[in-house]
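Please keep the model open while going through the numbered points.

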Amino acid sequence: RLNPDYEDNKGISYYISGLPDESPSPALVDKYSKIIWEKYLRRAVSTSANKLYSTVLQDDHQSMEEILGEHIRLLEEIKNIRPTRLNDIEDIVEETRELVNTGDNIIKFGIPALDIPAGGMTRKEITVLGGRPGHGKTTLVVNIVRSLIELGNKVIIFNREMSNPEMIRKLVVMEGKNLSYSKIRKGDLNGSTDEFNKSIDKIKDKYKNNLLMFDDVKTLDEAMLEISRHKPDVIIDDYIQLISCPDTLERRFQIEKIVQDYKWICKKENCSALLVSQLNRDIEKRYEPRPRLSDYSESGVIEQTAESALFVWYGYVFNDEEYSPYQSEIISAKTRYGKVTSEVVGFNGDRCRFYTTKEEALKDTPK
């Protein structure tokens with residue numbers, strides 16, 4: 001009999017009342033039988049391995065062949081008892097039918113120059129975006145984030161080059177009317193305080209549910225953990241050369257691991273990834289500085305693994321007489337499921353925005 005004044009009685013009574021839940025039932029006979037059989041096989045394999053080790057040292061070939069045969073049989077038993085990852089062909093066909101009918105496997109950028117090559121990004125695939133410093137690749141990323149959110153996607157972004165507040169500053173300028181990025185960075189709100197506050201409030205409401213930002217995730221493992229935890233539609237990593245990797249790996253193997261791991265997490269979580277990559281400095285030594293696939297840092301694995309390889313190229317940096325400051329170019333150098341294209345677009349750095357035409361970019365210049 002339990003003493004009603006004894007504090008541990010509550011825990012004991014919970015234990016007793018919970019016993020039926022832990023007891024095997026007839027419905028679970030098959031499951032528990034497999035567990036017991038697998039544990040037996042593990043012990044048998046361990047014993048067999050020890051016997052094989054001893055026999056090898058004794059140089060007894062006849063006994064070794066018998067024990068080796070038994071050891072292989074036990075290993076096969078363990079392999080066969082584990083659940084298979086094989087998918088039924090009928091299930092795969094039906095999944096394909098649903099994807100075609102719903103179009104759910106395509107995630108549109110919502111930016112014409114990026115959607116023209118293949119209609120957008122494909123779930124379970126990665127897209128790589130490259131550009132030299134000063135060409136607006138991070139600004140393009142912010143434009144992509146804004147568009148993806150407006151289309152109802154959940155986005156997770158790892159800001160490795162800039163801080164989260166710096167990205168918010170760009171969003172504030174984009175979402176506001178007649179705001180200047182150069183002035184916002186300096187804290188100059190003369191005559192724009194009301195518009196600035198309206199834009200801040202708009203961002204709080206518009207992005208609060210579907211945008212997750214990290215600027216303190218240093219390693220690839222930390223990034224994978226956050227992705228598995230939050231399960232986004234789109235992952236953006238800006239940029240992959242800044243991911244901390246073990247020093248034991250050569251740089252090309254580090255990049256290979258990063259790209260391959262992102263490929264697998266996209267498959268696992270049914271999402272798409274946009275990886276921002278730095279380009280080699282050799283591009284600036286060429287007579288024709290327009291980027292190409294070989295300009296990616298450690299380009300081999302990027303070319304092989306990525307579904308699409310994109311570049312943003314701002315010609316005004318190289319020749320301010322030939323190119324307009326309100327014009328940029330988005331180059332699709334590789335598109336697995338579409339076409340290779342090059343689209344001239346409008347660009348206004350002080351408004352942190354890309355446009356369909358340079359005329360639109362010029363018209364939107366802050367006053």
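1. A residue is called buried under 20% relative accessible area, exposed over 50%, and partly exposed in between, using a 1.4 Å probe and protein chains only. I236 has a relative accessible area of 0%, so this residue is buried. The model is predicted: local features need pLDDT of at least 70, side-chain atom pairs count only at pLDDT 80 or more, and totals for chains, interfaces and linings use all residues. Residues are numbered from 1 along each chain as its sequence is written, and side-chain values use heavy atoms, with hydrogens and water left out.

2. I236 belongs to strand β6, residues 234-238. Strands (E, at least two residues) are DSSP runs, numbered from the N terminus. Contact means heavy atoms within 4.5 Å. Apart from neighbours within four places in sequence, I236 has contacts that include V141, V145, F158 and L274. The C-alpha atoms of I236 and V276 are 7.6 Å apart, although 40 residues separate the two in sequence.

3. Rings of Phe, Tyr and Trp (its six-membered ring) pair if their centres lie within 6.5 Å; planes under 30 degrees apart count as stacked, over 60 as edge-to-face and the rest as tilted. The count by this rule is seven aromatic pairs. In one of them, F158 and F214 have ring centres 5.6 Å apart and planes at 25 degrees, so the pair is stacked. Because F158 lies in strand β4 (residues 155-159) and F214 in strand β5 (residues 211-214), the pair ties together parts 56 residues apart in sequence. Both F158 and F214 are buried.

4. The rings of Y314 and Y316 have centres 5.9 Å apart and planes at 40 degrees, so this pair is tilted. Y314 counts as buried because its relative accessibility is 9%, whereas Y316, at 30%, counts as partly exposed. Ring pairs join Y314 and Y316 with F347 and F354 in a cluster.

5. Where does the charged end of K170 sit? The charged end of K170 sits over the ring of Y181, 4.5 Å from its centre. For this term, NZ of Lys or CZ of Arg must be within 6 Å of the ring centre and within 35 degrees of the ring normal. The charged end of K137 likewise sits over the ring of Y239, 5.8 Å from its centre.

Technical notes:
Helix = DSSP H or I, 4+ residues; strand = E, 2+ residues; numbered from the N terminus.
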